[in-house]
Amino acid sequence: EIAPRIPWEQYLRWEDPEGLRLEYDEGRVLLTPSGTTAHNVFRDILLTALVAYRRSRPPGDVFVVSEQSFFMPPGTRDFRPDIAVLMGERARGPYDPRGYIEGAPTVAIEVLSPGTEARDLGLKARRYFEHGSDEYWTFDPLAGHATFRRRGDEGWVEVSTEGTYETPLMPGFRLDLGALWAETRALLGAY
């Protein structure tokens with residue numbers, strides 16, 4: 001937090017400070033530091049896989065975006081998941097040319113960094129659930145760990161994986177976790 005509670009209209013006038021990203025939750029401005037190198041490399045590898053899936057589907061079936069503002073709802077909350085997937089009717093748009101999407105993504109994806117992990121696993125996980133996301137994926141590129149959560153009756157339910165992840169929301173999509181971690185390590189060198 002960088003300031004006491006402020007009105008939504010004031011928040012909308014603020015620009016992201018260099019090296020930081022602003023988010024908003026019920027009057028609180030939340031600072032998110034720029035991702036680490038591992039965070040950004042992994043996000044881009046995952047984004048490439050999701051964009052390849054989008055290209056394999058009929059137009060308007062899947063919409064994939066990175067670091068997009070989601071107003072949940074406008075005037076109350078602005079979160080920017082590292083990657084977001086919209087499916088079905090939501091994938092067809094139209095999208096506001098001012099740069100935000102109303103409502104939560106179908107799949108919200110966060111890549112964990114030391115400075116964001118607590119918020120990503122706490123506040124943001126709760127808000128994505130409250131506002132209707134169907135799945136919430138988190139990745140820790142330094143630990144080589146992924147957690148996939150699906151909507152349950154009263155909260156997120158973790159889904160176990162055996163090295164790959166498939167979701168009924170995205171027919172034909174198969175995420176090979178071993179390949180993701182291997183590519184991340186190859187690009188970063190030994191760490």
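This is a predicted model: local features need pLDDT of at least 70, side-chain atom pairs count only at pLDDT 80 or more; totals for chains, interfaces and linings use all residues.

Reply: Gly27 has 7% relative accessibility, so Gly27 counts as buried. The cut-off for buried is under 20%. Gly27 sits in the loop between strand E1 (20-25) and strand E2 (28-33). Set aside the neighbours within four places in sequence, and Gly27 is in contact with Pro4, Arg5, Ile6 and Thr76. Ala146 lies 119 residues from Gly27 along the chain, and 31 Å separates their C-alpha atoms.

Now the sheet. It is open and has 6 strands, in the order E3-E6-E8-E9-E10-E11. The pairing is mixed. Strand E3 (62-66) and E11 stand at the edges. Each has a single partner strand, so one side of each is left without a neighbour in the sheet. On average, neighbouring strands of this sheet are turned by 20° against each other, direction ignored.

Take the pairs one by one. Strand E6 (residues 83-87) and strand E8 (residues 107-111) are antiparallel and share 3 bridges. In this pair, Ala84 is opposite Ala108 of E8.

H2 packs on this sheet, where it touches E3, E6, E8 and E9. The direction of H2 makes about 165° with that of E3.

Further along the order come E9 and E10. Strand E9 (residues 135-140) runs antiparallel to strand E10 (residues 145-151), and 6 bridges join them. Asp140 faces His145 in E10. The hairpin of E9 and E10 has 4 residues between the strands. In that hairpin, Gly144 adopts a positive phi near 65°.

E10 also pairs with strand E11 (residues 156-159), again in the antiparallel sense, over 4 bridges. Here Arg150 is opposite Val157 of E11. A hairpin of 4 residues links E10 to E11.

As a general point, side chains in a regular strand alternate between the two faces of the sheet.

Next, the helices. A pair of packed helices is described by the angle between the axes and the distance between them. For helix H2 (residues 37-56) and helix H5 (residues 177-188), the angle is about 130° and the axes are 10 Å apart. H2 and H5 are therefore oblique to each other. Their crossing is right-handed. On the H2 side, the contact is made by Thr37, Ala38, Val41, Phe42, Ile45 and Leu46. On the H5 side, the residues are Leu180, Trp181, Glu183, Thr184, Leu187 and Leu188. Sorted by class, the contact of H2 with H5 has 9 nonpolar, 2 polar and 1 charged residues.

Helix H4 (residues 123-130) is mostly covered, with 6 of its 8 residues buried. Which ones are buried in H4? They are Leu123, Lys124, Ala125, Arg127, Tyr128 and Phe129. After H4 comes Gly132, with a positive phi near 105°.

Back to the starting point. Gly27 is a buried loop residue, placed between E1 and E2. Its contacts beyond the sequence neighbours include Pro4 and Thr76. To follow the rest on screen, trace the sheet from E3 to E11 in the order given, then turn to H2, which packs on the sheet and also against H5.

Definitions and conventions
Residues are numbered from 1 along each chain as its sequence is written. Side-chain values use heavy atoms; hydrogens and water are left out. Axes are lines fitted to C-alpha atoms, for helices over the stretch in contact, and angles run from 0 to 180 degrees between N-to-C directions. Helices (H or I, at least four residues) and strands (E, at least two) are DSSP runs, numbered from the N terminus. Angles under 35 degrees count as roughly parallel, over 145 as roughly antiparallel, 65 to 115 as roughly perpendicular and the rest as oblique. A crossing is left-handed if the near helix is turned anticlockwise from the far one by less than a right angle, and right-handed if clockwise. Contact means heavy atoms within 4.5 Å. Ala, Val, Leu, Ile, Met, Phe, Trp, Tyr, Cys and Pro count as nonpolar, Asp, Glu, Lys and Arg as charged, and the others, Gly among them, as polar. Two strands pair if DSSP finds at least two bridges between them. Buried means under 20% relative accessible area, exposed over 50%, partly exposed in between (1.4 Å probe, protein chains only).
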